[in-house]
Amino acid sequence: MPTIDPRRLLVLRAFVLSDSVTATAAALHLTPSAVSQQLAALEREVGHALVVRTGRKLALTPAGRILAGHAEEISSRLKIAEADLAAHAGGVLGQLRIGAFPTAISWLVAPAIVELRRQAPGVDVTVVDAEAHMSHRMLMRGDIDVTVSLEYESGPERDSPDIVKFPLYIERFKAVLPHAHPLAGEEGIGLTQLTEEGWIMPSPGNPCRTMVLQACAELGFHPPISHVSDDYRAALALVAAEAGICLVPESALSARDADWVTILPTRGIAPLRKVIMTTRRDNQGHPVVRAGLEAMRAAVADPDSETYGPLARSDTFSVE
């Protein structure tokens with residue numbers, strides 16, 4: 001019977017998540033040569049080839065896939081053991097790494113840090129600006145503990161058995177027009193009233209762009225796109241310059257924006273932005289992770305919060 005070094009199994013798991021020796025080395029703070037040596041040593045231990053070169057990349061063999069499944073289980077059990085020990089020690093102490101998109105950092109994560117500082121001063125928070133696809137990969141690699149991201153039909157976290165999702169809130173997009181626009185005096189606006197406008201849209205791959213295009217498709221048109229920007233402040237500046245119109249999530253707008261542009265509620269079919277927290281299933285019981293999830297959920301649920309004006313007015317989900 002082969003004797004398998006569990007540390008080398010964790011290297012194999014990191015290779016599966018990172019998809020290359022170089023990325024694995026960066027994730028584990030090793031050299032690529034050291035990663036290759038660990039994988040070669042693991043192959044000698046088990047007596048099977050675990051990786052094979054396909055073109056310029058390495059891929060798992062059937063034996064490698066079998067062993068990678070066991071490596072994932074071992075990693076999960078280690079995470080659970082760490083959580084149990086942390087809970088046994090009492091108190092909440094440790095580092096919490098959060099990946100979130102920019103608006104969520106401003107409106108949700110930053111005030112949650114203030115709350116954590118009061119309720120759990122032993123928690124040291126690190127925040128990374130990351131959109132959903134990036135934060136999901138970081139979560140699976142173990143680079144972050146919690147994500148705050150958008151949930152959409154093709155999202156990377158959708159139906160993943162390794163991920164636990166906690167709904168936070170849902171908000172409607174608003175229409176942003178120049179003050180001189182003929183429809184600026186309306187109380188609300190339907191998207192079909194804007195079919196001839198030049199639209200300012202997020203870049204391809206941005207989930208908000210996908211949501212807007214899906215809503216327009218339901219109404220039978222494709223908006224003519226004049227400008228592309230992922231920065232809502234830049235989009236509002238273009239609208240103010242009468243360069244086009246755009247749809248913006250409510251939490252990305254402030255009262256001061258009404259000085260620049262006209263902001264109107266959308267009527268009928270319009271994109272909805274669903275915001276969720278996610279963490280790895282094997283990490284959800286860790287006291288530090290649990291404290292972070294609770295702090296962000298409390299920030300959304302606080303009806304008296306002045307900071308959370310846009311979020312407090314939005315429909316909210318309850319966390320299961």
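Q: Why is Arg 233 called partly exposed?
A: Arg 233 has a relative accessible area of 39% in this predicted model.

Q: What makes Arg 233 and Asp 257 a salt bridge?
A: Their closest N and O atoms are 2.4 Å apart. The cut-off is 4 Å, so the pair at 2.4 Å qualifies.

Q: Which parts does the pair of Arg 233 and Asp 257 tie together?
A: Arg 233 lies in helix α8 (residues 232-240), while Asp 257 is in the loop between β10 (246-249) and β11 (262-267). The pair therefore links parts 24 residues apart in sequence.

Q: Why does Asp 257 count as buried?
A: Its relative accessibility is 2%. Buried means under 20%, so Asp 257 belongs in that class.

Q: How do you know that Lys 165 and Glu 151 form a salt bridge?
A: The closest N and O atoms of Lys 165 and Glu 151 are 2.8 Å apart, and the rule asks for a distance within 4 Å. Lys 165 is in strand β6 (residues 163-177) and Glu 151 in strand β5 (residues 146-151), so this bridge joins parts that are 14 residues apart in sequence.

Q: Why are Lys 165 and Glu 151 both called partly exposed?
A: Lys 165 has a relative accessible area of 29%, and Glu 151 has 22%.

Q: What makes Glu 115 and Arg 118 a salt bridge?
A: Their closest N and O atoms are 2.4 Å apart, against a limit of 4 Å. Both residues lie in helix α5 (residues 102-119), three residues apart, or about one turn of the helix.

Q: Are Glu 115 and Arg 118 buried, partly exposed or exposed?
A: Glu 115, at 23%, is partly exposed. Arg 118 is at 56%, and exposed means over 50%, so Arg 118 counts as exposed.

Q: How many salt bridges does the rule give?
A: The count comes to 11. Arg 13, Glu 72, Arg 280 and Asp 282 are linked in a network of such bridges.

Q: Why does Gly 292 count as buried?
A: Gly 292 has 2% relative accessibility, and the limit is under 20%. Gly 292 sits in helix α9 (residues 287-301). Beyond residues up to four places away in sequence, Gly 292 touches Leu 96 and Leu 116.

Q: Which residues have the most contacts inside the largest nonpolar core?
A: They are Val 148, Trp 199 and Met 296, in a core of 58 residues. Leaving aside residues up to four places away in sequence, Met 296 touches several residues, including Ile 98, Leu 108, Val 148 and Met 277. A second, separate core of 16 residues includes Leu 12, Val 21, Val 46 and Ala 71.

Q: How much of the protein chain scores a pLDDT of at least 70?
A: The share is 88% of the residues, and the chain average is 84. Over residues 303-320 the pLDDT is below 50, although this stretch has 35 contacts in the model beyond near neighbours in sequence. Where pLDDT is low, the predicted coordinates should not be read in detail.

Terms used
Residues numbered from 1 in each chain as written. Predicted model: local features only at pLDDT ≥ 70, side-chain atom pairs only at ≥ 80, totals over all residues. Heavy atoms only, no water. Core = buried A, V, L, I, M, F, W, Y, C linked by side-chain atoms within 4.5 Å. Buried < 20%, exposed > 50% of the residue type's maximum accessible area, 1.4 Å probe, protein only. Contact = heavy atoms within 4.5 Å. Helix = DSSP H or I, 4+ residues; strand = E, 2+ residues; numbered from the N terminus. Salt bridge = Lys/Arg side-chain N within 4 Å of Asp/Glu carboxyl O. pLDDT = per-residue confidence, 0-100.
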